[in-house]
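Dear colleague,

Please find below the structure I promised to pass on to you. My notes on it follow directly after.

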Amino acid sequence: LVLAGGVGWWVMGAMESTPPILSTATSVVYVGSQHTQQLTVADTGRGVQTIEVWIEAGGERYEVDSKAYPGSVFSGAEAKTPRQLTLTIVPKDLKLPEGSATLIAEATDFAWGRNLGRVDVPLIVDSRSPRVNVTTGLTYIRRGGSELVVYELDEPVARHGVQVGEAFFRGFAHPARPSQYLTFYALPHTTPPDALPAVVAVDKAGNQTTVPLSFSVIEARPKSDEIRLSESFMRTKVGELLGGDAPPDPLEGYLKLNRDMRVENDATIAKICATSSEEPLWSGAFIQMPNSKVGAGFAEARTYTYNGVEVDRQTHLGFDFASTSQAVIPAANDGVVVYADDLGIYGRAVIIDHGLSLFSLYGHSSSIAVAKGQAVAKGEALGRSGVTGLAGGDHLHYAMMLGGVFIDPVEWFDAKWIREHLADKLSPEAPPVMDMPGDVPGAPAVAPGA
Ligand SMILES: [Zn+2]
């Protein structure tokens with residue numbers, strides 16, 4: 001009886017009908033030169049006996065992996081714990097054809113009837129890099145200045161744009177040409193000479209194409225200035241910007257602002273500028289503050305002295321426009337306000353998105369007359385100039401950014417530069433010859449911002 005009961009118990013156990021459960025990511029997988037995928041097989045009954053993995057493509061079967069685990073139909077699997085597999089798919093090694101395929105995994109257990117579990121994963125095998133055809137020709141870029149490149153891609157990609165050293169400028173679908181793409185990029189003032197711009201396209205399978213751009217660089221004449229710090233100025237600003245966190249030493253407090261807060265604020269600006277309208281919102285030249293004097297230009301090297309001793313160095317990444325005090329600040333071009341609030345050393349500030357990663361910033365305002373999300377037209381009042389943030393006197397700090405990178409605004413004030421560098425590239429029809437006039441290294445026909 002005991003024996004019969006034991007046999008009965010074994011039969012019941014061995015007759016279990018719960019199939020193994022296979023767990024893996026089942027959304028469409030783009031397989032580039034190599035793909036790795038995790039597979040877990042669990043069986044709540046007698047345990048996992050075999051796992052087989054293959055790919056079906058064009059009616060053919062390509063073996064990926066197979067496993068047989070120790071155990072017997074009498075006692076079940078030696079280990080009842082789930083089995084983990086790391087599947088590595090290298091299309092070249094498997095001689096897989098390009099295109100759609102299915103990854104299939106099947107597992108059996110140690111039950112009498114060998115229950116079968118299965119999972120199917122749709123694959124797209126794509127081991128070819130996207131083709132990038134740059135349609136714009138040789139150009140010249142001023143150090144700190146901007147450029148626009150237009151290109152075609154032969155497949156939809158996951159990411160495209162222009163890489164310049166550490167900086168990546170994201171690309172957009174060309175707003176006026178259905179089959180083309182474009183990227184506004186800059187040669188950041190800090191770019192090392194060997195970091196050359198290149199169009200980068202990465203498809204969904206991770207295949208990357210890099211096409212270096214031909215251009216010549218116009219080096220900027222270095223500008224410098226000395227800022228003499230007074231104790232009363234430092235105390236006022238440290239109190240305004242650090243409040244209760246202000247250290248007792250005014251210089252220590254000032255350096256906190258000029259170094260740490262500057263880095264923090266620029267990181268905030270980069271974050272704000274990471275998303276932009278997919279359409280250009282601006283048109284024509286950007287306008288400067290009327291009836292104003294330029295106090296400082298772009299990439300001016302500033303030395304800060306206190307009691308005749310150098311205490312800090314920073315680079316000024318915008319233009320300073322000084323007018324009458326509390327002068328009206330006009331929007332430099334059409335766009336949408338994406339920031340209108342306190343911004344540390346920039347004081348009360350407004351940031352406008354002009355589309356396709358182009359932004360303008362207005363700092364040190366005494367008051368702000370616009371709100372985040374508001375569309376503004378060229379010339380519309382954003383607020384009034386002031387001395388908020390790290391400003392010694394009433395002025396507008398005007399900066400422009402491409403993505404999170406500060407660029408020289410001078411070109412954008414220049415209708416001729418916009419016409420000659422951008423107009424053709426943004427137009428619905430590509431002109432037959434795209435090379436710029438005067439594209440001879442070091443001999444530009446156009447002198448932007450002269
Ligand atoms: Zn400034």
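Of the contacts in the protein with a separation of 6 or more, what percentage comes from residues 24 or more positions apart? The figure is 68%. Please bear in mind that this is a predicted model.

Overall form. The protein has 450 residues, and its radius of gyration is 31 Å, whereas a compact globule of that length would have one near 22 Å. Along the principal axes, the C-alpha atoms occupy a box of roughly 105 × 65 × 40 Å. The protein contains five helices and 32 strands. Buried residues make up 49% of the 450. The accessible surface amounts to about 21,000 Å², and carbon and sulfur atoms contribute 54% of it.

Zinc site. Three protein residues supply donors to the zinc ion: His316 through NE2, Asp320 through OD and His397 through ND1, at 1.9 to 2.1 Å. Along the chain these donors are spaced as H-x3-D-x76-H.

Helix H4. H4 has a kink of about 35° centred on Met261. Met261 is itself buried, and the other buried residues of H4 include Leu257, Asn258, Arg262 and Asn265.

With kind regards

Key: Residues numbered from 1 in each chain as written. Predicted model: local features only at pLDDT ≥ 70, side-chain atom pairs only at ≥ 80, totals over all residues. Heavy atoms only, no water. Donors = N, O, S within 2.8 Å, 3.2 Å for Na, K, Ca; no water. Bend = angle between axes of the 7 residues up to and from the residue. Helix = DSSP H or I, 4+ residues; strand = E, 2+ residues; numbered from the N terminus. Buried < 20%, exposed > 50% of the residue type's maximum accessible area, 1.4 Å probe, protein only. Rg over C-alpha atoms; globule rule 2.2 N^0.38 Å. Contact = heavy atoms within 4.5 Å. Areas by Shrake-Rupley, 256 points an atom, 1.4 Å probe, with all protein chains shown as cover.
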